[in-house]
Amino acid sequence: IPPEQEFVERVGGDRVRVILLVPPGADPHTYEPPPGVLADVAEADLYAAVGSGIEFELAWKDKIAALNPDMLVVDCSRGVDLISADEGGHRGTDPHIWLSPRNAKIMVENIRQGLIEVDQANADEYRRNADAYLKDLDALDAEIAGALAASGVKKIMVYHASWAYLARDYGLVEIAIESEGKEPSPQRIEDLITQAKEEHIRVIFASPEHSTRSAEVIADEIGGSVVQVSPLAKDYLTNMRHVASAFAGSGNP
C-alpha cells in the first residue's frame with residue numbers, strides 16, 4: 001500500500017526499487033493485481049507484508065510467496081498490539097495498523113531489519129535512514145497528541161472503520177457507519193443520526209476509496225458536513241498531519 005511504500009523508500013533510499021501492489025485509489029480490501037505486477041514480484045528480494053490481516057494479503061500472500069520462494073517475506077506487523085474484531089469493525093483483526101505513528105515506527109523497524117538481512121553490505125545506510133525517519137515519526141506522534149488533546153474532541157464518526165489504532169493511541173472513540181463492508185440499514189442510519197445529535201457530532205469523515213452516500217445522508221440530517229480523509233495517501237507525514245487537524249477541528253465551535 002502507498003504509506004508502506006514510503007516507509008520502505010525512506011529506509012532503503014537509493015538502494016531500493018519498490019513495486020507497489022495496491023496502487024493509489026484502489027481498495028486493499030478488494031483489489032486484485034494485474035499479471036504484470038505479479039511478474040515484477042517474481043524478481044523481488046523482499047516482500048514487505050502489512051501482516052495484520054488485510055484482505056488483499058489474506059487472498060494473495062501465499063500466491064505471491066509461491067511466485068518467488070527465495071524472496072524474504074517481512075511481517076511489518078510483528079510487535080504491533082493488534083486490535084481484535086470485537087473491538088473494531090472487522091473480522092479477525094483490524095488491519096489498519098499503519099494509521100498510528102507509533103505502529104508506523106514498529107513497521108519501519110521491521111523493514112530496516114529485513115533490508116539489512118537481504119543486503120548486509122549496506123546495513124549502516126539502512127540504519128541511518130531508519131533512525132532519521134523514526135525521528136520524524138516521533139515528532140509527528142507528539143504533534144498529533146498535542147493537537148487532539150487541545151481540541152477536546154473525544155468521538156469521531158467515520159464511514160469506514162480505519163482509525164481504531166489512531167483512536168486507541170490518542171484517546172478517541174471511533175463510530176463507524178459501515179460494518180464488515182456492508183452499507184448500513186435504514187435503521188442503523190437513524191440510530192447514527194440520533195447518536196450524532198446526542199454526541200454533538202457535526203463532521204462525518206469519509207475516504208476517497210469508499211462511497212460517501214451514507215455519510216452525506218447523516219450529515220444532511222444533523223446539519224453537518226462530510227470531510228474526506230485518506231487512510232492510503234503515500235505522503236505519510238503530511239497526510240497524518242492533515243487527518244489529525246481534521247479530527248481536531250471536528251468539535252463544536
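Buried means under 20% relative accessible area, with exposed over 50% and partly exposed in between, using a 1.4 Å probe on protein chains only.

First, the ground rules. This is a predicted model: local features need pLDDT of at least 70, side-chain atom pairs count only at pLDDT 80 or more, and totals for chains, interfaces and linings use all residues. Residues are numbered from 1 along each chain as its sequence is written, and side-chain values use heavy atoms, without hydrogens and water.

Now helix α5, residues 123–151. Helices here are DSSP runs of H or I, at least four residues, numbered from the N terminus; strands are runs of E, at least two.

Which residues of α5 are buried? Among them are Y126, A130, Y133, L134 and L137. An α-helix has 3.6 residues a turn, so residues three or four places apart point the same way. The cover over the buried residues of α5 includes α1, α4, α6 and α9; contact means heavy atoms within 4.5 Å. After α5 comes G152, with a positive phi near 80°.

Last, one class count. The lining of the largest pocket has 20 nonpolar, one polar and eight charged residues. Ala, Val, Leu, Ile, Met, Phe, Trp, Tyr, Cys and Pro count as nonpolar; Asp, Glu, Lys and Arg as charged; the others, Gly among them, as polar.

Conventions:
Expected span 1.5 Å × (residues − 1).
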